[in-house]
Amino acid sequence: MPGFSRRSWLLVWLLPLLVVAGLVAALVASRPSQPVAAGVGAPYYPDAGATGWEPTSTVVHVTWNDDLTQLSGTTTLEGIATQNLSGIGFNLMHHVDAATLDGEPVTVAAWGAVNRVAMAKKPLDVGDRFTLEVSYAGSPDGLRTVGGFHQPYSRAGGEILIAGEPESSAVWYAANDHPSRAAPFEVYATVPAGLQAISIGELISEDADDDPATATWHWRAADPVASYLTFLAVGRFDIEQGDADGRPALYAVSHLLAPPERDRALAKLRETPRVIRELESRYGPYPFGEIGGVVTGIDTWFGALETQTRPVYGAALAAAGGDWPDELLAHELAHMWFGNHVRVATWADIVNNEGWATFAAQDVLARRDGRSMDDWLRGIWDEGDDDFWTPSISDPGVDNMFGTTYVRGGAALQALRVLLGDDAFFAIAREWAQTPGARSLADFQAYVDERSSRDLTAFWHAWYAASEAPPREAAYGWPG
Ligand SMILES: [Zn+2]
C-alpha cells in the first residue's frame, strides 16, 4: 500500500499482544511431545500465523445477512505438518461452531482474540497432510486483527470492504495468517440478490446457488496467495471484463462514486495492462493468471492495497490530474512481483516490499516522461531531514513499517542501480522477482552480494541501518 502517517499509539496494542503470546508459549511448553503452537512469534506481530504447518489450499464459503453486518462461514484448510503436532493452530476472530479434522469432529480451543487450535484426536507427524474444516458465525463489525490499528471491515452506503495490511482475513475466514505463508485461494460469497461480491483471482460464476433471494459469487485464485493479500467487497459495482494480453481482466468500480468519478476510475483501471507491460520489461513476466482492480466507495484508511491480481483502490484513483493516480496504479501493480510473488519472511522485512514498489513506480513514471531517476535520488538526498534518515529501514519497527521504508527504501535501490549499472542491477532485480517464496532483507542483500564483485558492506549499512544520510560519494550511489 502507499504510505500513511505514523501511529505511535500502536504500542498500546502491542503490550497486551505480547502478554497473550507469553500465555500461548506457556501452553505450548506444557505439551512437550506434540506441541501445539499458536502464533508464529515473529517480531512485530507474534500472535499472527500458526507454527508447525504450511497451507496448501484455502476454500471459503461465506454467507452475509441482508444488511451485510453478520456472516456465517465455513473455511476448508488443507495443509502439511512441518513438525509433530497435537493440533492445528489457525487465526480467526469468530466463535467456532463446529470443526472436523480429516472428516472427524474435533474440539477447538480459543487462545486470545485471534488464535484457535483444533485439537487432533491422533497426533500428526512431520509431513502428514490434513484437511481442517471450520464453521463459524458472527459480526466482523468493530473487530481489529493482531496488527489492529485499523478495522479491516468497513461498511457504508450498502457496501462493505474487508481488506487491510498487515492482517484482515481473521474477521471473515480461518487461515494461517502470516505474510510468509501462501496457498491457492477460493471463495464462494453468498450475498443478497442484486449485490455483487468481488474478490481476487478469476470469476468462475456470478450465481452458483439455486436461491432467488441470494447470489453466490465464486472466485478462484490458482496461484498461491498470502492471506493479507485477499479481500472481499460487497455492494453495487460497474464490472468490466475482458482480455488483456491473453489474461482475463476484471475491473469493478463502486456505484457509491458519482458518475464522473466512476468514469475516471474505470479509465484509470483500464491502464492496468499498459503498466503491467512496463513492469514486465524490467522484472520479467507478470507472475499471476489474472489482472484487474477494484475501486471502492468506502473511505479507506489506505490509498490502495496490493491485493493479489486485483488491487483495491480508494476513490483517490479517480482524482483528476496530477501524478498520484498513475503512481498509485504502478505502485500496487509492482507489488505483484515485490510482496506478492516474492513475499516477506516477516514484517521486519517490509522494505523488500515497499522499497521495490516505490522504486518501480517512480521508474515507470520517469521512463514515460524521459526523466532521469538520478534527479529523484538527488532530491531525496537534498530534502531528507533528520526525521527521514533517523529510522532504520532494515528493521523499522511496527511504528515505522509504513513510514520511511517506502521512499528511503526506493532511494536505496536507485543508489544501488547507480553503483552497479543498469544491466547488472536489472538482471538481479529480474531474477529476484521471478523466484517466488518468502525471503528476508538479509536474503536480498546476500543475493546481491553473491552476484556482485563489489564489497557492499558499507553501502548496506549506510542505506538500510544507519540513522543519518549516506555520504554523498560514488561508493554510496551518489550520482554526481
Ligand atoms: Zn505498497
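**A walk through the predicted model**

With 12 C-beta neighbours inside 10 Å, aspartate 245 counts as exposed, because a residue is placed in that class when 12 or fewer other C-beta atoms lie within 10 Å of its own. The model shown here is a predicted one, and in it aspartate 245 belongs to the loop between strand S16 (237–244) and strand S17 (247–254). The backbone of aspartate 245 has a phi near 55°, which is a positive value in a residue other than glycine.

The protein as a whole can now be brought into view. Its secondary structure comes to 11 helices and 22 strands, and the C-alpha trace spans about 65 × 60 × 40 Å along its principal axes. Of the 480 residues, 51% count as buried. Among contacts between residues at least 6 apart in sequence, 68% join residues at least 24 apart.

Among the strands, S4 (residues 95–101) has two pairings to follow. With strand S8 (residues 129–138), S4 pairs in the antiparallel sense over 6 bridges, and within this pairing valine 96 stands opposite tyrosine 136 in S8. With strand S5 (residues 104–105), S4 again pairs in the antiparallel sense, here over 2 bridges, and leucine 101 stands opposite glutamate 104 in S5. S4 and S5 form a hairpin with 2 residues between them, and aspartate 102 in the turn has a positive phi of about 50°.

Among the helices, H3 (residues 272–283) and H5 (residues 351–369) pack with their axes 11 Å apart and at an angle of about 110°, which makes H3 roughly perpendicular to H5. The contact brings Val275, Glu278, Leu279 and Arg282 in H3 to Ala360, Asp363 and Val364 in H5, and its residues divide into 4 nonpolar, 3 charged and no polar.

Two alanines close the tour. Alanine 265 lies in helix H2 (residues 259–269) and, with 29 C-beta neighbours inside 10 Å, counts as buried. Leaving aside neighbours within four places in sequence, alanine 265 is in contact with Val253, Leu257, Val295, Leu317 and Ala318, and its C-alpha atom lies 9.3 Å from that of alanine 252, a residue 13 positions away in sequence. Alanine 475, by contrast, has its place in the segment after helix H11 (457–465), and with 15 C-beta neighbours inside 10 Å it counts as partly exposed. When residues up to four places away in sequence are not counted, alanine 475 touches Ala458 and Phe459, while its C-alpha atom is separated by 8.7 Å from that of leucine 456, 19 residues apart along the chain.

Definitions and conventions. Residues are numbered from 1 along each chain as its sequence is written. This is a predicted model: local features need pLDDT of at least 70, side-chain atom pairs count only at pLDDT 80 or more; totals for chains, interfaces and linings use all residues. Two strands pair if DSSP finds at least two bridges between them. Helices (H or I, at least four residues) and strands (E, at least two) are DSSP runs, numbered from the N terminus. A residue is buried if 20 or more other C-beta atoms lie within 10 Å of its own, exposed if 12 or fewer, and partly exposed in between; C-beta atoms are placed from the backbone. Two residues are in contact if their C-beta atoms, placed from the backbone, lie within 7 Å. Axes are lines fitted to C-alpha atoms, for helices over the stretch in contact, and angles run from 0 to 180 degrees between N-to-C directions. Angles under 35 degrees count as roughly parallel, over 145 as roughly antiparallel, 65 to 115 as roughly perpendicular and the rest as oblique. Ala, Val, Leu, Ile, Met, Phe, Trp, Tyr, Cys and Pro count as nonpolar, Asp, Glu, Lys and Arg as charged, and the others, Gly among them, as polar.
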